[in-house]
Amino acid sequence: MPSRCQARADREAAIEKEPLCWVAPANLITVGMGLGLGRDYCEGQFERATAICPTGQDAYWRMLTANLPRWGATRRQLLEFGRRCTAPELYEAGIPFLLISAHADEPRFQIARGGAGPGRRGSLLGEYFSQEAVWEEVRPVLERLTEQNPLDYRALACYTAMAYWNGDTELTTRLFRRL
């Protein structure tokens, strides 16, 4: 298995050979995390990858990971990145779902820390996503995602669960029928 330094050198060589391929800079986000090269390096690789392929999901998911608090970012930075992913031109590719994933990191972190006993995991997600400010932010994103991508069952299932957690039985019923 190649070392991280070798992985970096290989991807940088690939960029020189094929400068219009977005895969190598997307991979360099993860390599940069592993080598501890910092957020600026990862952000630069993200910008490089998305300049070539603005809707390439791989770069967005890798950058979301780089923005997790366990990699040195703050919760605010994670949510700011999630909000950047809601640009109108990104909906068809499903990229705004990253905002929902960014929000879900907080209850997932509590679960991983052992803050949720048996049977409590789903309720932590429900408690978090039923906060008025969170629901107001994610609802329009999920609504638009499920309108533009009617077969995106991940977004539809999340939207259904969140409507339920927020006590909107009419919306929950309507969405459940689409699943």
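Glutamate 106 is partly exposed, with a relative accessible area of 23%. Partly exposed means between buried, under 20%, and exposed, over 50% (1.4 Å probe, protein chains only). This is a predicted model, where local features need pLDDT of at least 70, side-chain atom pairs count only at pLDDT 80 or more, and totals for chains, interfaces and linings use all residues. Residues are numbered from 1 along each chain as its sequence is written, and side-chain values use heavy atoms, with hydrogens and water left out.

Now its partner. Glutamate 106 forms a salt bridge with arginine 75, with the closest N and O atoms 3.3 Å apart. A salt bridge here is a side-chain nitrogen of Lys or Arg within 4 Å of a carboxyl oxygen of Asp or Glu. Glutamate 106 sits in helix 6 (residues 97–112) and arginine 75 in helix 5, so the bridge ties together parts 31 residues apart in sequence. Helices are DSSP runs (H or I, at least four residues), numbered from the N terminus. Arginine 75 is partly exposed too, at 22%.

How many salt bridges does the structure hold? Ten.

Take arginine 84. Its salt bridge is with glutamate 43, and the closest N and O atoms are 2.9 Å apart. This pair links distant parts of the chain, helix 5 (residues 75–84) and helix 3 (residues 39–52), 41 residues apart. Arginine 84 is partly exposed, at 41% relative accessibility.

Next, helix 4. Arginine 62 forms a salt bridge with aspartate 58, again with closest N and O atoms 2.9 Å apart. The two are four residues apart in helix 4 (residues 57–66), so about one helical turn separates them.
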